[in-house]
Amino acid sequence: MATSVQLAYSVAVILTFPLQNFPALEIATQSIQYTLYNKYKWIKNKDSFLLKRNVLTTWLVLALAVVAATAMDSLDKVVSLMGSLLGCPIAFVIPPLIHTKLVLTDHNNNNNNNNNNGVHALRKRMNTCVALMGTVAMILASIATILTSTNN
């Protein structure tokens, strides 16, 4: 029974990998395309980019396969490291930065309210504080995860 469950889980992971990987690959390839085309002017036509994009995607998938193969025995450590590196910024760093951007945009659009200048400055300082504490939490959690994984 346990073997069949493991087999079914393995098949599910293999079949859902393209769905899980697609958004990250799209973001990575679009940002690389923008950098190569607009900043460095390396790409002259779209066909050459499609070939380079397929090569880049292949390398990214192979890198993920190497990470998966090497971390197979310590999946809990990988999940913990991913949580500390990605979870803290998603929860504590990105929202205050977005809020600051929205408040400053709203403040610039509504210059008629001079009474809110102090409130906007206070919100910006508070958002910056939360973002910095989130960054510190990410660094400390990552260090703790790495130290715990090396001690075991």
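Predicted model: local features only at pLDDT ≥ 70, side-chain atom pairs only at ≥ 80, totals over all residues.

Trainee: How many helices and how many strands does the chain have?

Mentor: The chain has four helices and zero strands.

Trainee: What is the mean pLDDT of the chain?

Mentor: The mean pLDDT is 79, and 80% of the residues reach 70 or more.

Trainee: Which element has the lowest mean pLDDT, and which the highest?

Mentor: Helix α2, residues 46-70, has the lowest mean, at 75. The highest mean, 88, belongs to helix α4, residues 117-151.

Trainee: What share of the residues count as buried?

Mentor: Of the 152 residues of the chain, 16% count as buried.

Trainee: And the contacts, what share join residues at least 24 apart?

Mentor: Among contacts between residues at least 6 apart in sequence, the share that join residues at least 24 apart is 76%.

Trainee: Let us change topic. What volume does the largest pocket have?

Mentor: Its volume is about 1,000 Å³. The lining comprises 20 residues, and those closest to the pocket centre are V13, F17, L64, A68 and L75.

Trainee: Which helices supply the lining?

Mentor: Helices α1 (2-39), α2 and α3 (75-109) each supply at least two residues of the lining. Helix α1 gives the most, with nine residues.

Trainee: What is the lining made of, by class?

Mentor: By class, 16 of the lining residues are nonpolar and four are polar, while no charged residues are present.

Trainee: Now to the cysteines. How many disulfides are counted?

Mentor: The count comes to zero disulfides.

Trainee: Is C88 buried or exposed?

Mentor: C88 counts as buried, because its relative accessibility of 14% falls under the 20% cut-off. By contrast, C129 is partly exposed, at 45% relative accessibility.

Trainee: Where is C88 found, and which residues is C88 in contact with?

Mentor: C88 is found in helix α3. Leaving aside neighbours within four places in sequence, C88 is in contact with G83, V93, G134, A137 and M138. The C-alpha atoms of C88 and M138 are 5.4 Å apart in space, although the two residues are 50 apart in sequence.

Trainee: You mentioned G83 as a contact of C88. Where does G83 lie?

Mentor: G83 also lies in helix α3, and is partly exposed, with a relative accessible area of 38%. G83 and S142 are 59 residues apart in sequence, and their C-alpha atoms are 8.7 Å apart.

Trainee: Which residues is N127 in contact with?

Mentor: Leaving aside its neighbours within four places in sequence, N127 is in contact with P96, H99 and T100.

Technical notes. Residues numbered from 1 in each chain as written. Heavy atoms only, no water. pLDDT = per-residue confidence, 0-100. 1 Å grid on protein atoms, 1.4 Å probe; cavity = no way out; pocket = protein on both sides within 12 Å on 5 of 7 lines; lining within 4 Å. Points joined across faces, edges and corners; volume = space filled by probe spheres on them. Nonpolar A, V, L, I, M, F, W, Y, C, P; charged D, E, K, R; others polar. Contact = heavy atoms within 4.5 Å. Disulfide = S-S within 2.5 Å. Buried < 20%, exposed > 50% of the residue type's maximum accessible area, 1.4 Å probe, protein only.
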